[in-house]
Amino acid sequence: IETLHVPWQGLGIGSGWELGTPAFRRYMRGNAGGAIAPKGPERVYLSRSALPKARASFLAEDILEAHLADAGYEIVHPQQLSKEDQIALYRAAKWIISPDGSPLHLLAYVGNADQHVAVIARRNRDTNTIFGPQIEAFTGASAITINCLLHDWLPEDHNRPGRLSWGEFDMPGIYDGLMAGGFLPEGTPRWEAVPEETLRAELDRITQAEGKSFRRW
């Protein structure tokens, strides 16, 4: 063989690969979910609170969910829906808030340009920055990333944030980011900081569930 041409893969993670090749994006726009009719509410929050504790997330998600429910958002647990129902939901929603995580990849494939997406960082890793640009590249939707992390809580035997760490965020900061992006109705009262004792109580429950202790990082 004199010359070997190796094509770039259509999609990946890192170095901008999550944006996909133009050919891959065109294919997904023309084929992904097109046979499934949009069905669902206009405002949704893609929750992690019903996942096993070992999947990790951020602390006080139940408080965030209560605030968002008061603001008109339906709390959705994607893993409890079929792929078809997820696609119908993602095609119908206009305002979508989600922790950084895999459901946002599917949203990028089947969403549309009329949507507004807010990604909430749940760990201090570069991975929380890939979802907004990916959604914008695939659909043309407006996407923002809100990083209000104050600390990461790591298992005692870990040295950096990852899939097993829990984020501790600034609740008023998330409010400010969502309000500035138009995700909350005008007049929504500002959210208060989560009390330290509430965080400690949740960490105690996580420690019991996982059988390991955590430290603030």
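1. Which residues of helix H5 (residues 131–139) are buried? In this predicted model, the buried ones in H5 are Phe131, Gly132, Gln134, Ile135, Phe138 and Thr139. Here buried means under 20% relative accessible area, exposed means over 50%, and partly exposed lies in between (1.4 Å probe, protein chains only). These residues are on the same side of H5 because they cover an arc of only 165 degrees around the axis, taking the directions from the helix axis to the C-beta atoms. Helices (H or I, at least four residues) and strands (E, at least two) are DSSP runs, numbered from the N terminus.

2. A word on the ground rules, before going further. Residues are numbered from 1 along each chain as its sequence is written, and side-chain values use heavy atoms, with hydrogens and water left out. As the model is predicted, local features need pLDDT of at least 70 and side-chain atom pairs count only at pLDDT 80 or more, while totals for chains, interfaces and linings use all residues.

3. Now to the neighbours of H5. Its buried residues pack against helix H1 (22–31), helix H4 (103–110), strand S4 (116–120) and strand S5 (142–146), with contact meaning heavy atoms within 4.5 Å. Just after H5, glycine 140 has a positive phi of about 80 degrees.

4. The aromatic residues deserve a look. Rings of Phe, Tyr and Trp (its six-membered ring) pair if their centres lie within 6.5 Å; planes under 30 degrees apart are stacked, over 60 edge-to-face, and the rest tilted. The count by this rule is seven aromatic pairs. One of them is edge-to-face and joins phenylalanine 24 to phenylalanine 138, at 6.0 Å centre to centre and 85 degrees between the planes. This pair links distant parts of the chain, with phenylalanine 24 in helix H1 and phenylalanine 138 in helix H5, 114 residues apart. Phenylalanine 24 counts as partly exposed because its relative accessibility is 24%, whereas phenylalanine 138, at 2%, counts as buried. Ring pairs also bring in Tyr109, making a cluster of Phe24, Tyr109 and Phe138.

5. Another pair is worth checking on screen. Tryptophan 95 and phenylalanine 183 have ring centres 5.1 Å apart and planes at 85 degrees, so they too are edge-to-face. Tryptophan 95 lies in strand S3 (residues 95–99) and phenylalanine 183 in the loop between helix H6 (171–180) and helix H7 (196–210), 88 residues apart. Tryptophan 95 counts as buried at 17% relative accessibility, and phenylalanine 183 is buried at 2%.

6. Next, the sheet. Five strands form an open, parallel sheet in the order S2-S1-S3-S4-S5, where two strands pair if DSSP finds at least two bridges between them. Strand S2 (74–76) and S5 are at the edges with a single partner strand each, so one side of each has no neighbour in the sheet. S4 and S5 run parallel and are joined by five bridges; histidine 116 stands opposite serine 142 in S5.

7. Finally, the cores. A nonpolar core is a set of buried Ala, Val, Leu, Ile, Met, Phe, Trp, Tyr and Cys residues joined through side-chain atoms within 4.5 Å. The largest has 33 residues, and Leu64, Leu68, Ile97, Ile174, Leu178, Leu184 and Trp191 have the most contacts inside it. H6 gives the most to this core, with five residues. Not counting residues up to four places away in sequence, leucine 68 touches Tyr45, Tyr73, Ile75, Ile97, Leu178, Leu184 and Trp191. A second, separate core of 23 residues includes Met28, Leu104, Ala108 and Ala141.
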